[in-house]
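This report is meant for a reader who meets the structure here for the first time. Please look over the sequence and the model before reading on.

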Amino acid sequence: MTEQPPTHELSTWGVGPWQGEWPDDDRLDPELLREGDTRNVIDRFRYWKMSAIIADLDTTRHPFHVAIENWQHDMNIGSIVRSANAFGANTVHIVGRKRWNRRGAMVTDRYQHVVHHETIADFAAWAREADLPILAIDNVPGCVPIETTELPERCVFLFGQEGPGLTQEAIDAAVQVIEITQFGSTRSINASAAAAVTMHDWVLQHTYGRKP
């Protein structure tokens, strides 16, 4: 199993200017040392240059990817990118429109690899070349519950738009369609919530060793 992340953070609201003699560390940003660091980053990355944070994350990213169909204006895409960063996803793939609403990402897209594919066909061709099975997340006929499904270590989770869900072309490109079991009166949950649940389930299986 991999090293577990810290259970809490001390500097929730950031830190002020560095006190005392400046450390000799090329990863640190002189401007942040001088002015303070109020970015939304974990304590370990305080005062680090953005490039240094990305380089460090690249050594620990998990082997799962996240993909989102982007055919209409959807605020959830930014939130999914933020969750992908939090759970250490390798890369986020935007399929369809290149422009997406970044507000929900809370600038985490600066640290997360995000790539674009024009069509589902382009995305599916990339996945085949990368030898990554596409797992569609949607509650459609023939889907299987995530709670009893063993998720591959290397894979790409594909999510649809809020409301209509995945297109038929996207479902056809997947090797498996997985649903998140629900117990209330609504037929679906928010797309960004579904993405967070899915990524966390992968973490439970592959980082903590929990078997479905």
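Which residues does Asp-56 touch, not counting residues up to four places away in sequence? With contact taken as heavy atoms within 4.5 Å, Asp-56 touches Arg-44, Phe-45 and Trp-48.

The model is a predicted one, in which local features need pLDDT of at least 70 and side-chain atom pairs count only at pLDDT 80 or more, while totals for chains, interfaces and linings use all residues. Residues are numbered from 1 along each chain as its sequence is written, and side-chain values use heavy atoms, with hydrogens and water left out.

**The chain as a whole**

The protein chain has 6 helices and 7 strands, where helices (H or I, at least four residues) and strands (E, at least two) are DSSP runs numbered from the N terminus. Read from the N terminus on, these elements follow the order α-α-β-α-β-β-α-β-β-β-α-β-α. The radius of gyration of the protein chain is 19 Å, close to the 17 Å that the globule rule gives for 212 residues, so the chain is as compact as a globular protein of that length; the radius is taken over C-alpha atoms, and the rule is 2.2 Å times the number of residues to the power 0.38. Along its principal axes, the C-alpha trace spans about 65 × 40 × 35 Å. Of the contacts between residues at least 6 apart in sequence, 66% join residues at least 24 apart. Buried residues make up 42% of the 212 residues, with buried meaning under 20% relative accessible area, exposed over 50%, and partly exposed in between (1.4 Å probe, protein chains only).

**Selected residues**

| Residue | Relative accessibility | Class |
|---|---|---|
| Asp-56 | 18% | buried |
| Met-106 | 43% | partly exposed |
| Val-107 | 38% | partly exposed |
| Gly-163 | 68% | exposed |
| Thr-198 | 0% | buried |

Asp-56 lies in helix H2 (residues 50-57), and its side chain makes a polar contact with the side chain of Arg-44 at 2.9 Å; such a contact is a pair of N or O atoms within 3.5 Å, where within protein one must be able to donate a hydrogen and the other to accept it, and residues adjacent in sequence count only if both atoms are side-chain atoms.

Met-106 belongs to the loop between strand S2 (92-96) and strand S3 (114-117), and Val-107 has its place in the loop between S2 and S3. Most residues other than glycine have a negative phi. Met-106, however, has a positive phi near 50 degrees, and the phi of Val-107 is positive as well, near 65 degrees.

Gly-163 is found in the loop between strand S6 (155-159) and helix H5 (168-173). Its C-alpha atom and that of Gln-72 are separated by 11 Å, although these residues are 91 residues apart along the chain.

Thr-198 sits in helix H6. Leaving aside its neighbours within four places in sequence, Thr-198 is in contact with Ile-137, Ile-146, Leu-151, Phe-157, Phe-159 and Ile-180.
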